[in-house]
Amino acid sequence: MVRKTKVAVVEHPRGGEGSVEFHHIVSVEELNGHGSMYAMAVLRPHSSVGWHQHVGNTEPYFILKGKGVFVDNDGTRTEVGPGDVCVIEVGQSHSLENPNDEELVFMALVYNA
């Protein structure tokens, strides 16, 4: 089967600023209980995914395009760009910021621990 992604724009994602456009690759049902999201995300300029915790799951990011700032569980702020993988452990928190004038494009996978 071949199909297009389902696109959803979320304003103030996880309490963050601005908006993110999610291109959902598979649905929650297609993840068969193994997770809740697999998507390409486009974080618009001067937007952020707010600080949030993962309980019972985790969410790595893979940066495809643009630059941003990943805020790790301990508050460490790290500039990220294409090829970077942002990983947190189950139970930890994180956020992602795009303080730039260009879009930040990344893959996001929320999977169960």
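Predicted model: local features only at pLDDT ≥ 70, side-chain atom pairs only at ≥ 80, totals over all residues.
Reader: How many bridges join strand 7 to strand 10?

Author: There are 3 bridges between strand 7 (residues 68-71) and strand 10 (residues 93-98), and the two run antiparallel. Within strand 10, Glu 97 is the residue opposite Val 69.

Reader: Now the start of the chain. How do strand 1 and strand 2 pair?

Author: Strand 1 (residues 6-11) pairs with strand 2 (residues 19-26) in the antiparallel sense, over 6 bridges. Val 9 has Glu 21 of strand 2 as its bridge partner.

Reader: How many bridges for strand 2 and strand 3?

Author: Strand 2 and strand 3 (residues 35-43) pair over 6 bridges, in the antiparallel sense. There, His 24 has Ala 39 of strand 3 as its bridge partner.

Reader: Change of topic. How many salt bridges are there?

Author: The count comes to 4 salt bridges. One of them joins Arg 3 and Glu 30, with the closest N and O atoms 2.7 Å apart. That pair links distant parts of the chain, 27 residues apart: Arg 3 is in the segment before strand 1, and Glu 30 is in the loop between strand 2 and strand 3.

Reader: What is the relative accessible area of Arg 3?

Author: For Arg 3 the value is 40%, so Arg 3 is partly exposed. Glu 30 is also partly exposed, at 35% relative accessibility.

Reader: You mentioned Glu 21 earlier. Which side chain does Glu 21 meet in a salt bridge?

Author: Arg 44, at 2.9 Å from N to O. Arg 44 is partly exposed, at 26% relative accessibility.

Reader: And what about Glu 79 and Lys 67?

Author: Their side chains also meet in a salt bridge, at 3.9 Å from N to O. Glu 79 is in strand 8, and Lys 67 is in the loop between strand 6 (61-65) and strand 7, 12 residues apart. Glu 79 counts as exposed at 58% relative accessibility, and Lys 67 counts as partly exposed at 48%.

Reader: On to the rings. How many aromatic pairs does the structure hold?

Author: It holds 2 aromatic pairs. In one of them, the ring centres of Tyr 61 and Phe 70 are 6.3 Å apart and the planes are at 90 degrees, so the pair is edge-to-face.

Reader: Is Tyr 61 buried or exposed?

Author: Tyr 61 is buried, at 2% relative accessibility. Phe 70 is buried as well, at 5%. Tyr 61 and Phe 70 form one aromatic cluster with Phe 106.

Reader: Last one. Which residues make the nonpolar surface patch?

Author: Phe 62, Leu 64, Val 85 and Val 87 make a patch of about 340 Å². Val 85 is in strand 9 (residues 85-86) and is exposed, with a relative accessible area of 53%.

How values were computed
Residues numbered from 1 in each chain as written. Heavy atoms only, no water. Patch = residues over 30% accessible without salt bridge, like charges linked within 9 Å, V, L, I, M, F, W, Y side chains within 5 Å. Areas by Shrake-Rupley, 256 points an atom, 1.4 Å probe, with all protein chains shown as cover. Helix = DSSP H or I, 4+ residues; strand = E, 2+ residues; numbered from the N terminus. Buried < 20%, exposed > 50% of the residue type's maximum accessible area, 1.4 Å probe, protein only. Phe/Tyr/Trp six-rings, centres within 6.5 Å; stacked < 30°, edge-to-face > 60°. Pairing = 2+ DSSP bridges.
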